[in-house]
Amino acid sequence: MSRNDCATGALLPLDAALQRILADVTPLPRQERLPLKAALGRVLFQPVIAGMPLPPFANSAMDGYALRAADAAAAGITPLEVIGTSWAGSPFPGRIAPGQCVRIFTGAMLPEGADTIVIQEAVSTSGSGIQLHGPVQPRQHIRLAGEELAVGAPALAQGKRLGPADLALLASLGQAEVTVYAKPRVAVLSTGDELRAVGTPLAAGQIYDSNRYALHGLLSECGAVALDLGTVADDAQALKAALLEAAAMADIVLTSGGMSVGEADFVTGVLAQIGRINFWNIAVKPGKPMAYGRIGQSCFFGLPGNPVAVLVSFRQLVRPALDQLEGATPQAPLRFSARCRLALPKTKGRQEFLRGLMQRDDDGQWWVEAFSAQGSHLLTGMSRANCLIVRPADCPGVAAGARVEVEPLGT
Ligand code: AMP
Ligand code: MG
């Protein structure tokens, strides 16, 4: 699509916009080696192969007695002599002979000669021995060496974003450090003559620049490095200089504002001069006026000015691009269906994202209610919402009680 296609009114559907972005973004070639704790939330630069078996040795899954199943293969009561104890971290040093057993605790090494565990609740003790009821199956309650991961088995794939369980898995494999992709560097710039920084007084007609705070939060949540380049006036020369400076220091340049009708040529015009426009204007409400392109090596997102549109378009388009830039597979936002408390009107030519509250009733059903005020400037609604209601373009009205798609926020 050329710039003119958009200008004549053709709007790119969100899915197509996302595809174009993901086709254009390649993972950063930068990597770093980090101690395990510092790698939380980071993306693996290379696969992790198990260098030791997991579990490292055969051990007991229960508190009980380790014995030879053959000793208790028959029905009836079997008496066994207890010849010692295998503690977690302190194995029994000897070998179990016929008629013998060893007291064993969870995680303790299986003694030589033993091939099964009987839980302590199934045994009665008498003097230095026990009595158990046969028959006993072999390999009960035993975690075998290498049962979870053999040496050389793939433990974690390249591109995996490391969560708490992954850190634990790496630690159990004895890895103190891990190689991850570098964090994407993202320059953030607001455009608008009316914008003032918080902490300074406002004159008539001015407002505080809030988008840089939303974007700082969104980027921090994604684990990106946010570079705050402040506010630029609605002036093509100033914007050009600021965008070139931003592109020189960042992997992604994000602007907000300057994209509305009448102003659209302002940001996209400068972009066309110093870079390349991939698309602008998408079939989304809120968030129609938005551009994607390149300035040198950097990806460029021209986000809308309206604060709610910034938050919506970031989730749908910038976050997947950041994932891909950081070497991770972009995850589609989690969505599921919920019943709508109030009727919703039909949608026109754009996919809509409504702010709402979802709640589960006593029967376990999810219900959602869209706020009555849905203006894309209403940050209070965005702040109160715990979900977005996602409605396809050109969809008929929805009756109260019907199902709609919801996307939980904060996930
Ligand atoms: P624009 O696309 O520049 O016409 O902006 C659309 C609306 O968003 C206008 O009401 C702007 O005042 C508002 N807006 C633009 N940038 C910001 C910002 N950084 N913080 C808060 N509101 C903004
Ligand atoms: Mg503006």
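Before I count anything: I take a contact to mean heavy atoms within 4.5 Å. The model I am looking at is a predicted one.

Entry: I looked up the contacts in the chain with a separation of 6 or more, and residues 24 or more positions apart account for 70% of them. Next I checked burial: 47% of the 411 residues count as buried.

**Entry: overall form.** I found 8 helices and 26 strands in the chain. Its radius of gyration is 30 Å, whereas the globule rule gives 22 Å for 411 residues, so the chain is more spread out than a compact globule. Along the principal axes, the C-alpha atoms fill a box of roughly 90 × 50 × 45 Å.

**Entry: one open sheet.** I followed a sheet of 6 strands and wrote down its order as β7-β4-β6-β5-β9-β8, with mixed pairing. Which strands stand at the edges? They are β7 (116–119) and β8 (123–126); each has a single partner strand, so one side of each is left without a neighbour in the sheet. On average, neighbouring strands here are turned by 40° against each other, direction ignored.

**Entry: β4 and β7.** A reminder to myself: strands of a sheet pair through backbone hydrogen bonds, either parallel or antiparallel. I see β4 (residues 64–67) pairing with β7 in the antiparallel sense, over 4 bridges. Opposite Val118 in β7 I found Tyr65.

Terms used. Residues are numbered from 1 along each chain as its sequence is written. Chains are lettered from A and ligands numbered from 1 in the order in which they are written. This is a predicted model: local features need pLDDT of at least 70, side-chain atom pairs count only at pLDDT 80 or more; totals for chains, interfaces and linings use all residues. Side-chain values use heavy atoms; hydrogens and water are left out. Two strands pair if DSSP finds at least two bridges between them. Helices (H or I, at least four residues) and strands (E, at least two) are DSSP runs, numbered from the N terminus. Axes are lines fitted to C-alpha atoms, for helices over the stretch in contact, and angles run from 0 to 180 degrees between N-to-C directions. The radius of gyration is taken over C-alpha atoms; the globule rule is 2.2 Å times the number of residues to the power 0.38. Buried means under 20% relative accessible area, exposed over 50%, partly exposed in between (1.4 Å probe, protein chains only).
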